[in-house]
Protein chains: 2
Amino acid sequence: MNYEALNLDEKFSRFSEHWSPRVVAEMNDTLFKLVKVQGEFVWHSHADTDEAFLVVSGALDIEFRHGTVRLKSGEMFVVPRGVEHRPVAREECKLMLVEAKGVVNTGNAGGELTAENDVWV
Amino acid sequence: MNYEALNLDEKFSRFSEHWSPRVVAEMNDTLFKLVKVQGEFVWHSHADTDEAFLVVSGALDIEFRHGTVRLKSGEMFVVPRGVEHRPVAREECKLMLVEAKGVVNTGNAGGELTAENDVWV
């Protein structure tokens, strides 16, 4: 076993691309991913998993068809499976996502913002 | 749906007991728990789940039989299932735990530090 702490800031320093989640840890069948986001993502949903968002720095709006959740550093929200949502960050936001293994970032929507899946950093 | 952010500091302010995890969110069959710890916990293991530790403030040592992981704020570690460990905090440490539903804090060890299970805050 490797007895080293996983430092989130150090992991964030290893990449700069937006909307491109990087896996940092695995727990049972759940992955912890770090992602930097800025601007508007696509409307999408994930049929098979809830998705937890934890804001590490900056702020994120998660828009839903009937409301918006506004998250800042130290705040989290769990988007239930099957619920359409659109993340929007007015400035760069650093996030931790926690979700089931095998989840594609754009869910049912696809398109050009679709990132390679389950890439570790 | 309730479109409110979950603020970790606000949730931590609602309790003061040590070694008494409080559930703040659920994602699939995984729970997010907040816990305040200080001093030495008991040696134990969890046969059926890995356990993720994320330090929100303070510092935590996770002792293993053959090594120690030293975590500070913004750092995390996943303890694999079945592996004996003992959390030790020299000063008060605020943690987020992420683990499967139904996990008892003292695992196989039991004893007086065993907390009521899956209590929400």
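Which residue in β8(A) stands opposite A52(A)? The legends below take up this point. This is a predicted model, in which local features need pLDDT of at least 70, side-chain atom pairs count only at pLDDT 80 or more, and totals for chains, interfaces and linings use all residues. Residues are numbered from 1 along each chain as its sequence is written, while chains are lettered from A and ligands numbered from 1 in the order in which they are written.

**View 1. Strand β4 of chain A against β8(A).** V98(A) in β8(A) stands opposite A52(A). Strand β4 covers residues 51–57 of chain A. β4 and β8(A) pair antiparallel, over six bridges. Strands are DSSP runs (E, at least two residues), numbered from the N terminus. Two strands pair if DSSP finds at least two bridges between them.

**View 2. Strand β3 of chain A against β8 of chain A.** Ten bridges link β3 (residues 30–40) with β8 (residues 86–100). The sense is antiparallel. Here K33(A) faces L97(A) of β8(A) as its opposite residue.

**View 3. Strand β5 of chain A against β8(A).** β5 spans residues 59–64. β5 and β8(A) run antiparallel, joined by three bridges. R86(A), in β8(A), is the bridge partner of E63(A).

**View 4. The rotation axis relating chains A and B.** Chain A superposes on chain B by a 180° rotation with 0.0 Å of shift along the axis (RMSD 0.0 Å). That is the relation of a two-fold axis. The same surface serves both copies, as 100% of the contact residues of chain A recur in chain B. Contact requires C-beta atoms, placed from the backbone, within 7 Å. Of the residues of chain A, T30(A) comes closest to the axis, at 4.2 Å (C-alpha).

Key:
Copies are superposed by least squares on the C-alpha atoms of residues with pLDDT of at least 70 in both. Two residues are in contact if their C-beta atoms, placed from the backbone, lie within 7 Å. Helices (H or I, at least four residues) and strands (E, at least two) are DSSP runs, numbered from the N terminus.
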